[in-house]
Amino acid sequence: MDKVNQLVDWLRQSTKTVVLTGAGMSTESGVPDFRSKSGWWRNIDPSTVANIQALEHDYDLFHAFYCARFEALKGCEPHEGHRILADWEKRGIIVHVATQNVDGFHKAAGNTKVDELHGSIHAVRCHKCGHEASAQAFFEQETCTVCEGKLRPGIVLFGELLPEDAWNSALHTIKTADLVIVIGTSLQVYPVNQLPSMTRGKLVYINREVHGFERDFDLLFEGSAKETLQQIDAALKG
Ligand code: NAD
């Protein structure tokens, strides 16, 4: 049996399938990832800017980086792969999506059960008091209207804790899943990279690079997230 049909079999047998995604899920929407060098901004490793240190002590650099990330999202929208995952939720094929992405594309595509483990870039707030602000206020480098604190996107920076509700929900659904499909993540960012190993179910990896992960997964697809999902969807319907 080929790999696509093997996965279709598992999807049909599973009563609880969960999907875990990363930046590679959105590159085919035109949003750059972090790990591929083509995704870097001004040749700077994003992990050196997307952190508390930069926010608190080098705000101009932090601000320019996130303005560029907002800019990169302009005109981008969910692709067919996102829409397939939304359709799978409607058809009861998957029960949940946990994502490291901050672009909001899973919800925009129609998934309703989504844990945004790294928050959302669209939810701008004050770093000091948490008061909500608009993206426009962030672009214009305004300060918080309540406490004059620095504004920031509502994402989890390197070195920050993950939102507790989203983490607990993802942990529980992954632990108790029959099948977990991991898509478009380098699995380098802690603690999300620990989640796949916590399931009791079967593990599938869809990524452009899968080398080195052969022992950790039951099935690996090396290639495009969108095209692989399209192939699986066609086989499911066939
Ligand atoms: P990453 O950049 O570390 O890894 C992305 C992985 O996806 C790589 O292994 C790459 O080979 C693979 N990939 C790229 N395009 C692909 C495609 N079309 N199909 C299949 N695989 C593809 O991403 P990460 O593991 O999610 O960690 C990066 C962190 O940066 C996350 O915390 C995330 O919050 C953040 N981030 C988010 C976005 C977004 O919201 N779209 C974009 C960039 C970074």
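Biologist: How many Å separate the centres of domain 1 and domain 2?

Modeller: The centres, taken over C-alpha atoms, are separated by 27 Å. Before going on, keep in mind that this is a predicted model, where local features need pLDDT of at least 70 and side-chain atom pairs count only at pLDDT 80 or more, while totals for chains, interfaces and linings use all residues. Numbering runs from 1 along each chain as its sequence is written, and side-chain values use heavy atoms, leaving out hydrogens and water.

Biologist: Which residues make up domain 1 and domain 2?

Modeller: Domain bounds come from an automatic or database domain assignment. Here that gives 1-31 + 78-118 + 161-238 for domain 1, and 33-75 + 123-155 for domain 2.

Biologist: What area do domain 1 and domain 2 bury between them?

Modeller: The size of an interface is often given as the accessible area lost when the parts come together. The loss is worked out with a 1.4 Å probe and summed over both parts. For domain 1 and domain 2 that comes to about 690 Å², with 62% of it on carbon and sulfur atoms. On the domain 1 side, V31, H118 and Q188 supply 40% of the area buried against domain 2, more than any other three residues.

Biologist: How many salt bridges does the rule find across that interface?

Modeller: The rule wants a side-chain nitrogen of Lys or Arg within 4 Å of a carboxyl oxygen of Asp or Glu. Between domain 1 and domain 2 it finds 0. Contact in general means heavy atoms within 4.5 Å, and by that test 12 residues of domain 1 touch 8 residues of domain 2.

Biologist: Which residues of α7 are buried?

Modeller: Buried means under 20% relative accessible area, exposed over 50%, and partly exposed in between (1.4 Å probe, protein chains only). Helices (H or I, at least four residues) and strands (E, at least two) are DSSP runs, numbered from the N terminus. In α7, residues 164-175, the buried ones are A166, W167, A170, L171, T173 and I174. Their cover includes β1, β2, β3 and β6.

Technical notes
The expected span of a helix is 1.5 Å times one less than its number of residues. Buried area is the accessible area (1.4 Å probe) that two parts lose on being put together, summed over both.
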